[in-house]
Amino acid sequence: MLLEARGITKAFGSFKAVDDASVTLEQGDILGLIGPNGAGKSTFFNCLTGDLKATSGRVLFEATDITDFTPEQRAGLGLARTFQVPQTFEGMTVLENVMIGAFLRTAHRKEAETRARAVLERVGMSRLAEAPARSLGTPGRKRLEIARALATEPKVLLLDEAMAGLNAHEVRLAIDLVRDIHRSGITLVIVEHIMEVIMSLASRVMVFHQGKEIARGSPQEVTSNPAVIAAYLGTRAAKAAAGHTPVELMGGPDP
Ligand SMILES: Nc1ncnc2c1ncn2[C@@H]1O[C@H](COP(=O)(O)OP(=O)(O)OP(=O)(O)O)[C@@H](O)[C@H]1O
């Protein structure tokens, strides 16, 4: 087992944003986390990455208890993440942004540059290496965010709404990129509202509603689960998901 969360609860005051959630991630999984706005997905995700400290519960990575590890320590073990809002260093070039990730594995500038250039090649951004990061649009920033995470050479990559704000064509390109990353042997956790992404990528899906897990299974199983349809998908979107029609869900079910 690569990553395991045991009984994670995260409370903000008396409000439990995540209430006793557990999951295991095996090598080669693509785990999708879905649910309506405010369901607790990002909070749970942040407890896995160490950006939030769980109120109770444990997180294990390759059998090491990492509950008290910082995000940097977790990255060192091979756990990388992207942020929903790309954390781009605007004043730096695309290459320099990716080098920041590479510096986790090497202290040498030349070596970091070589590794960063290899990652840019892999994500199809070589042409933009010397461009200022601030010149990138949303798809470029999202891709750069993934490139920086890849440069840390992760075993597990956690993507937080990596495709939000992309148009249908850009989403398809991003799905191809994630497939490539997965094929290279990286295990993934993805938080995503775009059902097309979940349906085409996830091997397993965990559904959150009001801080609790309400369903888990294959994409087909969860999208036909009545509790998931009632809490999140609505009938129209469940049908669309089954037919792989692109549909983005935010608030909850349609009437
Ligand atoms: N720092 C915080 N302090 C107080 N409440 C918070 C905090 N962070 C999140 N919450 C609350 O916890 C709940 C879960 O939020 P979370 O962001 O995890 O949901 P989500 O499923 O990721 O939603 P979205 O799809 O909108 O990203 C929400 O009600 C949110 O308002």
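Modeller: Let me begin with a term: two strands pair if DSSP finds at least two bridges between them, and the strands (E, at least two residues) and helices (H or I, at least four residues) are themselves DSSP runs, numbered from the N terminus. Please keep in mind that this is a predicted model, in which local features need pLDDT of at least 70 and side-chain atom pairs count only at pLDDT 80 or more, while totals for chains, interfaces and linings use all residues. Residues are numbered from 1 along each chain as its sequence is written.

Colleague: Okay, so in what order do the four strands of the open sheet come?

Modeller: The order in that open sheet is 2-1-4-5, and the pairing is antiparallel. Strand 2 and strand 5 are the edge strands, since each of them pairs on one side only.

Colleague: How many bridges join strand 1 to strand 4?

Modeller: Strand 1, which covers residues 3-12, is joined to strand 4 by five bridges, and Ala5 stands opposite Val59 in strand 4. Strand 4 also pairs with strand 5, in the antiparallel sense, over two bridges, and there Phe61 stands opposite Thr64 in strand 5.

Colleague: And what sits between strand 4 and strand 5?

Modeller: The two strands form a hairpin with two residues between them, and Glu62 in that turn has a positive phi of about 45 degrees. Ala63 lies in the loop between strand 4 (56-61) and strand 5 (64-65), and although Ala63 is not a glycine, its phi is positive as well, at about 70 degrees.

Colleague: Is Ala63 buried or exposed?

Modeller: A residue is buried if 20 or more other C-beta atoms lie within 10 Å of its own, exposed if 12 or fewer, and partly exposed in between, with C-beta atoms placed from the backbone. Ala63 has 8 other C-beta atoms within 10 Å, so it is exposed. Asp20, found in strand 2 (residues 15-25), has 14 C-beta neighbours inside 10 Å and therefore counts as partly exposed; its phi is near 60 degrees, a positive value in a residue other than glycine.

Colleague: What span should helix 5 have?

Modeller: The expected span of a helix is 1.5 Å times one less than its number of residues. For the 13 residues of helix 5 (residues 138-150) that gives 18 Å, and the end C-alpha atoms are 18 Å apart, which agrees.

Colleague: Which residues are around the ligand?

Modeller: Counting a residue as near a molecule if its C-beta atom, placed from the backbone, lies within 6 Å of it, the residues around the ligand include Phe12, Asn37, Lys41, Ser42, Thr43 and Phe208. Helix 1 (residues 41-49) gives the most to this shell, with three residues.

Colleague: Last topic: how many helices and strands does the protein chain have?

Modeller: The protein chain has nine helices and 10 strands, and 45% of its 255 residues count as buried. Its C-alpha atoms fill a box of roughly 55 × 40 × 30 Å, taken along the principal axes.
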